[in-house]
Amino acid sequence: MDRTPGLSVRLKLTLSYAGFLMVAGVLMLASVWMFLLRDVPASWLIPLLPNVPRVFDPSNFGPGVFVTAAAVVLVFLLVFGLLGGWVLAGRMLSPLTRITDATRKAANGSLSHRIRLPGRKDEFRELADAFDTMLARIEAHVAEQRRFAANASHELRTPLAITRTLLDVARNDREHDPVELVDRLHFVNSRAIDLTEALLLLSRAGRRTFTREPADLSLIAEEVAETLFGLAEKRGVAIEVAGDAAHTVGSPALLLQMATNLVHNAIVHNLPADGTVWITTGVLPGAAVIVVENTGEKLAATLVSTLTEPFQRGSERIRADHAGVGLGLAIVESIVEAHDGTLTLTPRPDGGLRVTVRVPLGPVR
């Protein structure tokens, strides 16, 4: 942004220091005059240049040269205030120089640079520490976005490459069954559409562009269980819903998508047979809670900590059937953050995963 040139902060502080010093000197000399020399003749109130040498002669100094001495003192205070103020202002503003340099480097794309301002805690060091924290978060966010863009490109390229391969095979093999080709193209296209819709949903949740309305997590849990009952029955998984009403404020559609993703993952990544999914809702101090647990293989804590990353499917996760596109928990995390909530993933000792979502408590409708 182009701005009109002006005085630097250092020069402004220098002039301020000198000005206050001059005002203090004038007040002090005026008080001396008022209390000690107010009865002297009026002709002595004018500083005279010939009296300057007498100011530095202790044996020839008297009330007659007081005003001249006061003028000499004020000139000395002005020079001292300007020089001392310039030095002090430079020392005080030196941390700003480091912060400005770091800002310019960040603007040029160097997000790894840190100020690390030494010394005890004060306003400048708080600013530098806050700036370092901001740079660290921006650097992590940019790295995550780059990784996400690379993964999304790879995931979107895969169905397109498969489609091109199928079409090339069909063009070279005129006797190929067109019904089978259409079915396979339909399956690949459906997965590409699912991935695109998941990316759009993830972007929408991250922008927080939704209307906040009252919602009850217990009703959402029941609706999700009813919707996914067919999938659970097909895979031999039982769904159990329990808990109390848990009112919050947010987007009912996004909260429904969040619960659907959690329960869908709990069904798909379960035991081969006789698995169980538990959905529990309730209220904690200041928070509405929904907990989704499932049986399954034992998960390492290091693996669980990565499950919310985009396109992370865990160990030995497949891409067939209802395996999803790898954005389920990433979408859940984005929706929870958009509702100012917290998402906690914990491996169950007996196998499986426990997912706890806490969102701010809302009014009871």
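What follows is a short tour with a few stops.

This is a predicted model, where local features need pLDDT of at least 70, side-chain atom pairs count only at pLDDT 80 or more, and totals for chains, interfaces and linings use all residues. Numbering starts from 1 along each chain as its sequence is written, and side-chain values use heavy atoms, with hydrogens and water left out.

Stop 1: Start with an open sheet of five strands in the order 2-4-5-7-6, with mixed pairing. Its edge strands, each pairing on one side only, are strand 2 (237-243) and strand 6 (342-347). From one strand to the next, the twist averages 15°. Strands here are DSSP runs of E with at least two residues, helices are runs of H or I with at least four residues, and both are numbered from the N terminus. Two strands pair if DSSP finds at least two bridges between them.

Now select 287-294 and 353-360: these are strand 5 and strand 7, paired in the antiparallel sense over seven bridges.

Stop 2: Select 217-227 for helix 6, which lies across strands 2, 4, 5 and 7 and runs at about 165° to strand 4 (275-284). The angles run from 0 to 180 degrees between N-to-C directions, with axes fitted as lines to C-alpha atoms, for helices over the stretch in contact. Contact means heavy atoms within 4.5 Å.

**Stop 3: Thr 211.** This residue is in the loop between helix 5 (178-207) and strand 1 (213-216). Is Thr 211 buried or exposed? Thr 211 is exposed, at 59% relative accessible area; the cut-offs are over 50% for exposed, under 20% for buried and partly exposed in between, with a 1.4 Å probe and protein chains only. Leaving aside neighbours within four places in sequence, Thr 211 contacts Gly 250 and Ser 251.

**Stop 4: helix 10.** Select 328-338. Nine of the eleven residues of helix 10 are buried, so the helix is largely enclosed by the rest of the structure. Among the buried ones are Leu 329, Ile 331 and Val 336. Helix 10 is followed by Asp 340, with a positive phi near 60°.
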